[in-house]
Structure formats: structure tokens, C-alpha cells
Amino acid sequence: MNSLRELLDLGRSLHTDEREAGNLAVLAQMLAGSQMDDKLAPATAAAFVGLELY
């Protein structure tokens, strides 16, 4: 990457690829479901260890 524009273009491309693969929908459903399910919450947290989403 040589510029902010290149980084932005890459991010948009990756986002599109992941959305088309259904990965963003799965992530959204896992995060939403983990808010209300005591069993799903730790499993979801464990799956995302190291990703530092926030």
C-alpha cells in the first residue's frame, strides 16, 4: 500500500468479497444471537479471539 486511497480500495474489495461469500451475514447473526443466548455468547467470543474487532 502506497496511499490511503489504495488501502480504502483494498478494504472495499475485501468487504465485497466477504459479503458475497456470506461471511458478513454470519458474523452479524453470531454477534446478534450471542447477546441473548448464554451458551452462544462464550462460543462467539472464543471464535473471534485475536481479531480485535472493536
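**A salt bridge, a patch and a buried serine**

Modeller: In this predicted model, the side chains of Asp9 and Arg5 meet in a salt bridge, at 3.9 Å from N to O.

Colleague: How many residues apart are Asp9 and Arg5, and in which helix do both lie?

Modeller: Asp9 and Arg5 are placed about one turn of the helix from each other. Both belong to helix H1, and the separation is four residues.

Colleague: Is Asp9 buried, exposed or partly exposed?

Modeller: The relative accessible area of Asp9 is 40%. Buried requires under 20% and exposed requires over 50%. Asp9 falls in between, so the residue is partly exposed.

Colleague: Is Leu4 buried or exposed?

Modeller: Leu4 has its place in helix H1, which covers residues 4-21. Its relative accessible area is 69%. Exposed means over 50%, so Leu4 is exposed.

Colleague: Which residues form a nonpolar patch on the surface?

Modeller: The patch has about 530 Å² of accessible area together, and Leu4 is one of its members.

Colleague: Is Ser34 buried or exposed, and which residues is Ser34 in contact with, leaving aside neighbours within four places in sequence?

Modeller: Ser34 lies in helix H2, residues 23-34. With a relative accessible area of 12%, under the 20% limit, Ser34 is buried. Leaving aside those sequence neighbours, its contacts are Leu40, Ala41 and Thr44.

Terms used. Residues are numbered from 1 along each chain as its sequence is written. This is a predicted model: local features need pLDDT of at least 70, side-chain atom pairs count only at pLDDT 80 or more; totals for chains, interfaces and linings use all residues. Side-chain values use heavy atoms; hydrogens and water are left out. Patches are made of residues with over 30% relative accessible area and no salt bridge: like charges are joined within 9 Å, nonpolar side chains (Val, Leu, Ile, Met, Phe, Trp, Tyr) within 5 Å. Accessible areas come from the Shrake-Rupley method with a 1.4 Å probe; for residues, only the protein chains shown count as cover. A salt bridge is a side-chain nitrogen of Lys or Arg within 4 Å of a carboxyl oxygen of Asp or Glu. Helices (H or I, at least four residues) and strands (E, at least two) are DSSP runs, numbered from the N terminus. Buried means under 20% relative accessible area, exposed over 50%, partly exposed in between (1.4 Å probe, protein chains only). Contact means heavy atoms within 4.5 Å.
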